[in-house]
Structure formats: C-alpha cells, structure tokens
Amino acid sequence: MNDSTPVLHAQTLVKAYEEGNNELEVLKGVDLTVHKGDILAIIGASGSGKSTLLNLLGGLDHATRGSVSIAGTSVASLNDRETGRLRNRYLGFVYQFHHLLPEFTALENVAMPLLIRGEKPADCQARAAAILERVGLGPRLKHKPSALSGGERQRVAIARALVTEPALVMADEPTGNLDERTAAQVQALMIELNENLGTAFMIVTHDREFASRCPQQYELHDGLLRRL
Ligand SMILES: Nc1ncnc2c1ncn2[C@@H]1O[C@H](COP(=O)(O)OP(=O)(O)OP(=O)(O)O)[C@@H](O)[C@H]1O
Ligand SMILES: [Mg+2]
C-alpha cells in the first residue's frame with residue numbers, strides 16, 4: 001500500500017436485513033474514504049446503522065450491494081480467510097465492552113494478536129509491553145482485567161488494537177461505558193496516538209462534544225452518511 005492508497009474505501013454501500021417478508025434497508029448507499037492518518041468521528045441515533053457500517057467496512061459482514069476496499073484490495077474478490085488476513089494486517093478494533101480475556105494479564109492480552117500471527121514469544125512480549133507503556137499502563141502489565149479500572153481496561157483494548165501496527169483502528173463507542181472524566185481521558189489518548197503514531201482512527205460515538213474535536217465528523221441518518 002503506498003501513501004496515497006486509501007486505507008479504506010467504500011462505494012454506494014447498501015445493507016438490507018431480511019425480516020420475515022419485509023426487508024429493512026439500514027444503509028442506502030454509503031460512500032466513505034479514509035486516508036492514512038485520518039481521524040474521523042461517526043455519530044447517529046441508536047439503530048441508525050453505525051455498527052452495521054463498521055462491520056461492513058471491517059470486512060466482518062457482507063454488504064447487500066456496493067464495494068469495500070481495504071488498503072486498495074476489494075473485499076468482494078476475497079474469500080473469508082483472505083479477508084481475515086487483510087483485516088489482521090491493516091485494521092484494529094475496539095468495542096464498547098473491552099472483550100479482554102479474563103484469565104490473562106494485560107500484557108498477555110495485548111501480546112495475543114502477535115502470538116496468533118506466529119511471532120516469537122519474546123518479541124510479542126516486548127512489543128506488548130512497549131505499547132502498554134505508550135498508553136500509560138507500564139505499571140499494570142501483570143494485572144488481569146478484573147484488577148483494572150474501566151478506563152484502564154479500555155486502554156488495554158486500545159493497546160491490543162494497536163500492537164499489530166494497523167493503518168486504521170475502528171472503534172465502536174469505545175467510551176460508551178465510561179464515566180465522563182475517564183471517557184475524556186481515553187478520547188484524548190486516541191487523539192494523541194493519532195497525532196504521534198499516525199494511525200488513522202474511525203470512532204463511533206454518541207458524544208457530540210468529542211466528535212466536534214475530531215477533524216472529520218460524519219452523521220449517519222436515514223441510511224446515508226453525511227459529512228458535517
Ligand atoms: N443481524 C441483524 N439482523 C436484522 N436486523 C439487524 C441486524 N443487525 C442490526 N439490525 C438492525 O439494523 C439497524 C441498525 O443496527 P446497528 O446495530 O447498526 O445500529 P447502531 O447505529 O449501531 O445503534 P446503537 O447506537 O444502538 O449501537 C437496527 O434497526 C437493528 O435492529
Ligand atoms: Mg452500535
């Protein structure tokens with residue numbers, strides 16, 4: 001992928017869910033291009049299709065019509081295994097609930113995506129430790145998720161998304177489960193990581209104030225994505 005290739009490109013994406021005899025068209029033709037280093041917020045009412053959109057863009061679900069390209073490769077031409085490989089190489093994901101493995105430490109959780117790739121355990125540990133330091137969790141490497149605060153768990157989840165050095169992190173309400181102050185700290189962290197690592201971030205949020213601090217803001221409404 002050269003610098004001018006978009007990390008993500010979606011064209012006239014349509015997603016319809018079958019509901020008995022009815023069809024619910026959630027997305028009605030969404031266009032979006034994300035470049036290296038972009039940071040964009042997506043807002044929209046509950047049920048407007050934000051998570052649906054992220055799943056399509058991340059190659060986790062298939063569109064009814066339209067196309068998605070990740071790092072210049074059209075997902076439509078790939079099988080599930082190849083899509084998975086493309087996703088693992090270029091994208092990272094953070095969710096509202098951290099989805100950390102409870103029986104593993106912060107360090108082990110963050111090292112996991114690298115271990116799964118078959119990299120050397122010592123390298124995995126070193127890289128996981130470095131990124132945990134980076135998100136301010138140097139003193140918490142050996143803690144299990146149950147021994148971390150909500151904000152710390154989301155920092156671990158962000159570190160896990162970043163450890164593979166993705167071009168883009170897609171975050172679905174990453175601060176939706178945090179109190180206002182902790183949410184603000186995690187939001188500031190994502191903006192700082194974007195500025196300093198150059199990782200692109202696409203963040204679904206209900207927080208309009210946070211959205212307004214992101215250079216690009218979009219609203220999903222009536223199945224269409226509109227730049228604000
Ligand atoms: N697998 C599915 N089958 C049928 N309908 C679905 C499915 N997934 C989502 N929907 C419907 O599609 C619409 C959009 O859902 P989605 O989860 O994308 O909304 P959202 O914008 O993420 O909402 P929230 O802010 O509450 O997370 C909703 O009406 C939902 O009921
Ligand atoms: Mg959602």
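Trainee: Let's start with H3: which of its residues are buried?
Mentor: First, the ground rules: this is a predicted model, where local features need pLDDT of at least 70, side-chain atom pairs count only at pLDDT 80 or more, and totals for chains, interfaces and linings use all residues. Residues are numbered from 1 along each chain as its sequence is written, chains are lettered from A and ligands numbered from 1 in the order in which they are written, and side-chain values use heavy atoms, with hydrogens and water left out. Buried means under 20% relative accessible area, exposed over 50%, and partly exposed in between, with a 1.4 Å probe and protein chains only as cover. By that cut-off, the buried residues of H3 are Ala106, Leu107, Asn109, Val110, Ala111 and Leu114.

Trainee: And what do the buried residues of H3 pack against?
Mentor: Helices here are DSSP runs (H or I, at least four residues), strands are E runs of at least two, and both are numbered from the N terminus. Contact means heavy atoms within 4.5 Å. The partners of H3's buried residues are H4 and H5.

Trainee: Zooming in on Leu114, which residues is it in contact with, leaving aside neighbours within four places in sequence?
Mentor: Leu114 belongs to helix H3 and is buried because its relative accessible area is 0%. Its contacts beyond those neighbours are Glu119, Cys124, Arg127, Val163 and Thr164.

Trainee: What comes just after H3, and with what phi?
Mentor: Look at Gly118, just past the end of H3. Its phi is positive, about 90°.

Trainee: How far does H4 reach from its first C-alpha to its last?
Mentor: H4 has 14 residues. The expected span of a helix is 1.5 Å times one less than its number of residues. For H4 that gives 20 Å, and the model's reach is close to it, at 20 Å.

Trainee: Which residues of H4 are buried, and what covers them?
Mentor: The buried set is Cys124, Ala128, Ala129, Ile131 and Leu132. Their cover includes helix H3 (106–116) and H5.

Trainee: Why does the length of H6 agree with what a helix should span?
Mentor: H6 runs over residues 180–197, so its 18 residues should span 26 Å at 1.5 Å a residue. The end C-alpha atoms of H6 are 25 Å apart, which agrees.

Trainee: What do the buried residues of H6 pack against?
Mentor: The buried residues are Thr182, Ala183, Val186, Gln187, Leu189, Met190, Ile191, Leu193 and Asn194. They pack against strand E3 (39–43), helix H4 (121–134), helix H5 (150–162), strand E8 (200–204) and helix H7 (208–213).

Trainee: Which side-chain oxygen reaches a backbone nitrogen at the start of H6?
Mentor: A polar contact is a pair of N or O atoms within 3.5 Å; within protein, one must be able to donate a hydrogen and the other to accept it, and residues adjacent in sequence count only if both atoms are side-chain atoms. At the start of H6, the backbone nitrogen of Arg181 has such an oxygen within 3.1 Å, and it comes from Asp179.

Trainee: Is Lys15 buried or exposed?
Mentor: Lys15 sits in strand E1. A polar atom of the Lys15 side chain lies 2.7 Å from the backbone oxygen of His62. Its relative accessibility is 9%, so Lys15 counts as buried.

Trainee: Is Glu165 buried or exposed?
Mentor: Glu165 is in the loop between H5 and strand E7 (168–172). Its phi is positive, about 55°, although it is not a glycine. With 62% relative accessibility, Glu165 counts as exposed.

Trainee: Now the ligand: which residues are closest to ligand 1?
Mentor: A residue is near a molecule if one of its heavy atoms lies within 4 Å of it. Ligand 1 is surrounded by 14 residues, and the closest are Ser46, Gly47, Lys50, Ser51 and Thr52.

Trainee: How far is an oxygen atom of ligand 1 from an N or O atom in the side chain of Thr52?
Mentor: On the backbone side, an oxygen atom of ligand 1 is 2.8 Å from a polar atom of Gly47, and one is 3.0 Å from a polar backbone atom of Gly49. For the Thr52 side chain, the distance is 2.6 Å.

Trainee: Which element gives the most to the shell around ligand 1?
Mentor: Elements that give two or more residues are strand E1 (8–19), strand E2 (22–34) and helix H1 (50–57). The top contributor, with three residues, is H1.
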